Amino acid sequence: MLARSRFMLVLVVGALLAVLSFSLQYLHLIPTNPVAEQRSLGKSRKRVNPVRLKPSHPLLASFISHMALSGRGHWDTSLGSLPRLPNHSTCEMGELTQTGVVQHLKNGDHLRQAYIKRHNLLTADWSPQQLWVETTGKSRTLQSGLAFLFGFLPHFDWSRLTVKQQWSTLFCGSSCECPARNRYLDQEQRRQYRQRTADTELERTYVAMAKTLGVATKNLRAANPVDALLCHFCHGLPFPCSSTQITSNAPDEGACLTLQHFAVIRRQQKNDELERREAGLYRRYAVLAAHPYLNRTATRMERIARGSQTLKGKEEAVFALASAHDVTMAPLLSALGLEGAGFPKFAARLVFELWNSPEVKDKDRKSDRKRGKWLENMFIRVLYNGEDLTFDTAFCRDHNRHSAQPLCPLGNFLSFVRKDMFNIVNATSYLQACHQIVL
């Protein structure tokens, strides 16, 4: 057994790491236009009670009350103007729903049981420096992160909370410039387009769906309708119908989208997932897309492992939450070699844990750091949706889990992030990989 974790990063895309907010969106390899999606499926928009209406779940009442106090918190740039709760009379495309909020509240509580009640990672008097929270500038990711945080730290003190904004869905900070990454993505998008257009059953399904909804087939195809269908499916709502049938008490058979339509699109997604792995283009894109975030994670863990728990005079965070997107989570999973995990599900979470060995006493640990042996007793675990996938990762797949130290050495992760992960693009650094010519 190892001692309690010294640091955990939850990337809920979002994870978080961050808790990823997937309550209305599913994975897009090819980004789509939310306005176009809403227009093409506008006739099918359903009323899903937003949180500001009467709560439909007992967990929501205290969360809603606490969000009313959010003015006491500290917010980066435009985050302060975003709603803390879904606040439209109808469920708009790309918004979080009550179901999504409850998912994140439960996720947060689950991690509270593991990391606070069991390991006392954060005490009741936690300092603002011990908690790092970041999100993109979308209301759904902010709301997802706040719901997760409320589950993790019920009735947390707003005055101690600062929420930082990431301008890129890749959470790449100041390292977003990477021409090769964009070229790999373009090649992958072209491959995906060819695969879709060659699927005759999928094309027939798109034509039938477009006819039912009264929209152009090309617009429906571009909107990637699986997003809207998944939302209806997960909320137990009927699938969209044509405008002439929505007001009818008994829609005619065939006037609505069906489970058969949904099944064809999901089947195509699964096929594309297999072909994507074989082609290898997405993995190359993912390595360059995920590296900046993984490098920040590695640097933070290294500082704590070395005992340098201060940064510019501030205490190092022991819990970092990044509330992100499916297009954040998917490259991270692929870059880590976890492509078998599949497309991120709603409210997926990816967790990195840093552990130290209990056999090493504090005085010995300090001595090891002085001698440069600080890495020998530091370990990492990677969990995806609660499942330990550490030994499925590219950096620890070959480690003997039955050795005297059963966890993956932190050094494996650091070497992977700093150099080894670039082998797939024939480079030895992020800078070299980003600026070399992609053939």
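Is A347 buried or exposed, and what is its relative accessible area?

Modeller: Happy to! First, a word on how to read it: this is a predicted model, in which local features need pLDDT of at least 70 and side-chain atom pairs count only at pLDDT 80 or more, while totals for chains, interfaces and linings use all residues. Residues are numbered from 1 along each chain as its sequence is written, and side-chain values use heavy atoms, leaving out hydrogens and water.

A347 is buried, with a relative accessible area of 7%; buried means under 20%, exposed over 50% and partly exposed in between, using a 1.4 Å probe and protein chains only. You will find A347 in the loop between α12 and β8. (Helices are DSSP runs of H or I with at least four residues, strands are E runs of at least two, and both are numbered from the N terminus.) The phi of A347 is near 60°, a positive value in a residue other than glycine. Most residues other than glycine have a negative phi.

The largest nonpolar core has 55 residues, of which L294 and F413 touch the most other members. Such a core is a set of buried Ala, Val, Leu, Ile, Met, Phe, Trp, Tyr and Cys residues joined through side-chain atoms within 4.5 Å. At least two of its residues come from each of α5 (179–197), α11 (281–306), α12 (326–335), β8 (350–356), β9 (378–384), α14 (410–418) and α15 (430–435). Helix α11 gives the largest share, 13 residues.

Leaving aside residues up to four places away in sequence, F413 touches L294, T297, A298, M301, L336, F352, I380 and F395; contact here means heavy atoms within 4.5 Å. Apart from this core lies another, of 36 residues, with L79, L82, L146 and L161 among them.
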